[in-house]
Amino acid sequence: MTNSHAPLLETRQLELAYGAFKAVGGVDLRIHSGTIHTVIGPNGAGKTSLFHCLTGERRPTNGRILLDGRDITRQPAHGRVGLGMARSFQITSLFQELSVHENLRLAAQGVDGWKALNFWQRLDTRKRHIDTADEVLERLNLTERAGIPAGELSHGQQRILEVGMAICARPKLLLLDEPTSGMGIDDIPTMTRLIGELGKDHSILLIEHNMSIVMSISDTITVMNRGQVLVEGTPDSVRNDQRVREAYLGEAA
Amino acid sequence: MDTKTAAVASSAKRNGAAPLARPGRARWAPGTTLAMFGVVILLPVVLPSATLATEILIFAMAALACNLLLGYTGLLSFGQAIFFGAGAYCSALGMLHWQLGLFSALLLALSVGAVLALLVGLLCIRRKGIYFVMLTLALTQMAYFLAYTLSDWTGGDNGLLGVPRPPIALGGTTFVSLASPLAFYGLVAVLFAVIYIMARRITSSPFGSTLLAIRENEARAAALGYDIRLFKIMVFVLSGAITALAGALYAMLLNFAPLSNIELLMSEQILIMTIIGGTGSLFGSLLGAGSIVLLGDILSAIWPRWMLLLGVALIAVVIFMRGGLWGGLTSLLQRARRAASHDKEA
C-alpha cells in the first residue's frame, strides 16, 4: 500500500536529547496515508520518546515534524488535534467518573477547539457530538455500557474505550501507544480486530510490543534501536532481517 | 462472577435505563433550581432577621463561585479573599469618592474581580497541584498586607467605615430605598437567583462539561484538543467576578469593609462552606453557606470559642458524608426511595 506520494506525517532529523543522551537521535520517518505503520524496538529504543514528540508532549531538541506538509514541530499537544492528529495512551487515561458516553462525547467535542468555549448552549445543541459518540459506541460494542462510569468498565473494555476516544475526533492520523498493553490474552483479538478495522479508514501510527499483532496488521514496520531507525520495511522483510534479530537478542542476553 | 464483574453488573442495572447519560455525574437533579427559589423565598420568613438571611446568600454566592473552581475544575484556590476583599473595597471607594450609584458600584466590583482573577489566574495556573495552591496562598497574603499598608484608602486595621447603601435609582429618580434589611435582602436574593441560574446554565454547557473533563483528567483533556490554560483562566475570571460582587454586597450589608474581608481566613471560610455543602453541586454551596453562617450565629452566642465546634462539624462532614451535605442528602433520598420501592415489591 505504500505509495510514492507526499507522506501524511514526516519527521526530518528528529532529535530529543536529555543532556548528552539522545533518546531520539535524528529520526526520519515517513508515514503514508491509508497505512498502518508500526514502530517497534527493544526497551529503551526511543519509541515512546518519539511518540511524545509526535503528540506534542515533548518539544524535540532538533529537527522538524510535518503533517500534510505543514510544520507542526512547535504546535502544543491540544493544537494538533484540530489539525487531524489524535492519540491514545499507553496507560489508560479516561475520565473515570464520567459515563462512557460522556467520555466519547467530550472526545468528539474537543476537536472543535475554540467552539468548545461555549457557555450558553445546552446538551441538545451538541447533537453532532452526541451522534459521533453514539456511532463510536456502536463500533466499540459498548452501547449497552453507555451510561456507566468509565472507571467501572472491565480492563479490556477500558482499553477499547481508550482507543475509541481517539477516533471520535475523526483524525487523519491516529497515534496508538501500545493499545494492548496490560490486556488479558482473551481481549487481545478484539483489539487486533478493532485496529485492523480502523486501518481501513484511518492512517495509523502504532507502537506495539505484541509481535503477532504487529506482523498481522502492519503495512510498514520501522524498527528502532538506540534512538535511531535500524530497519524499515514490510513485515516479511523485517521478520527475516538479521540486524533486527541481533537487536532483540542483544536485549535478551 | 467475581466481585469486579458483579459491581459492573449491578451498576449497569442502576444506570441501565439511561443510554444517554447526562454530562457530569449521575446526580444531576432537575429540582435544585426550584429548591433554590424555595430557600431564597423562605429564608427571611424562617430566620429571625433579614440581615442574617442576606449574609447567607452573600456567602452562598461566594461559595458558588469557589465551587466553579474547586468542584467543577478541580482547582483548590485560597485566593478567593483577594476577590472578595477587592470587591468590597473598590465598590465602597467608588461610592464614597466618586458617588457611584448602586449598579455602577456593583459593576465596578464585577470588573475589578474579573481583572484581578485574570491576573491571579494567569500567574497561578502556570503550576499544578500543591504549587498552584501555594501561589494562591501567597497572593492572598500579599493582598492582605497591601490592604493593611494602604490604610489611607482601606482604613487599615479599622476597616473602611461609612460605606453607603445607595437606593435603586435611575437618572436621579429613586425607585426603591434599600435602607430596610428586607429590601436589601430582596436585591441580594434577585442577584443570587440570577447568578445561580447563570451558573447552572454554564455548568451544563459545552464549556462546563469541559471543566469536568479537566477536573477528571487534565492530560487526557489536553490530548483531546482542549486548551486547558484557556479554560482555567476563563473559569477563574468567572469565579473572581462573582466573588467580588459578593464582597461588594457584603460591604453594603455591613456599611463597612473590614480588613478581614481580604484575610486568608476569608478564603478558608469560603472553601469550608463549599466543601461542607458539597463540591460539584451548586445547591450544595447554598446549603454549605447557610449552615456555616447559621452555626456561627447560633454558636457564637453560646460560646466565644465556637470555631472549635465548627472544626468538629467540618471533620464529621468530611469523614461521614462524602460529597458534603448535598451528597449526604441525595444518598439519604436514594436510600429512602429504594426502601419505598422495596416495600412495594414485597
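This is a predicted model: local features need pLDDT of at least 70, side-chain atom pairs count only at pLDDT 80 or more; totals for chains, interfaces and linings use all residues.
## Two chains at a glance

Helices here are DSSP runs of H or I with at least four residues, strands are runs of E with at least two, and both are numbered from the N terminus.

Chain A has nine helices and ten strands. For its 253 residues a compact globule would have a radius of gyration near 18 Å, and chain A agrees, with 18 Å.

## Extent, burial and contacts

Let's take the dimensions next. Along the principal axes, the C-alpha atoms of chain B fill a box of roughly 75 × 45 × 45 Å. The C-alpha trace of chain A spans about 55 × 40 × 35 Å along its own principal axes.

In chain B, 47% of the 346 residues are buried; in chain A, 48% of the 253 residues count as buried. Contacts that reach across the sequence can be followed in each chain too. Of the contacts in chain B with a separation of 6 or more, 75% are between residues 24 or more positions apart. For chain A, 68% of the contacts between residues at least 6 apart in sequence join residues at least 24 apart.

## A four-stranded sheet in chain A

Now to a sheet you can trace in the structure above. Chain A contains an open sheet of four strands in the order β2-β1-β4-β5, paired antiparallel. The edges are taken by β2 (21-31) and β5 (70-71) of chain A; each has a single partner strand, so one side of each is left without a neighbour in the sheet. Helix α1 (residues 47-55) of chain A packs on this sheet, where it touches β1 (9-18), β2 and β4 of chain A, and its direction makes about 65° with that of β2(A).

Strands of a sheet pair through backbone hydrogen bonds, either parallel or antiparallel. Here, β1(A) and β4(A) run antiparallel and are joined by five bridges. One residue to look for is A:Leu9, whose bridge partner in β4(A) is A:Leu67. Strand β4 (residues 62-67) of chain A also pairs with β5(A), in the antiparallel sense and over two bridges. A:Leu67 has A:Arg70 as its bridge partner in β5(A), while A:Leu66 stands opposite A:Asp71 of β5(A). The hairpin of β4(A) and β5(A) has two residues between the strands, and A:Asp68 takes a positive phi near 55° there.

## A helix pair in chain A

Two packed helices are described by the angle between their axes and the distance between the axes. Helix α5 (residues 155-167) of chain A packs with helix α6 (residues 188-201) of chain A at an angle of about 10°, and their axes are 10 Å apart. Angles under 35 degrees count as roughly parallel, so α5(A) is roughly parallel to α6(A).

From α5(A), the contact is made by A:Arg159, A:Ile160, A:Val163 and A:Ile167; from α6(A), by A:Thr190, A:Met191, A:Leu194 and A:Leu198.

Terms used. Residues are numbered from 1 along each chain as its sequence is written. Chains are lettered from A and ligands numbered from 1 in the order in which they are written. Two strands pair if DSSP finds at least two bridges between them. Two residues are in contact if their C-beta atoms, placed from the backbone, lie within 7 Å. Axes are lines fitted to C-alpha atoms, for helices over the stretch in contact, and angles run from 0 to 180 degrees between N-to-C directions. A residue is buried if 20 or more other C-beta atoms lie within 10 Å of its own, exposed if 12 or fewer, and partly exposed in between; C-beta atoms are placed from the backbone. Angles under 35 degrees count as roughly parallel, over 145 as roughly antiparallel, 65 to 115 as roughly perpendicular and the rest as oblique. The radius of gyration is taken over C-alpha atoms; the globule rule is 2.2 Å times the number of residues to the power 0.38.
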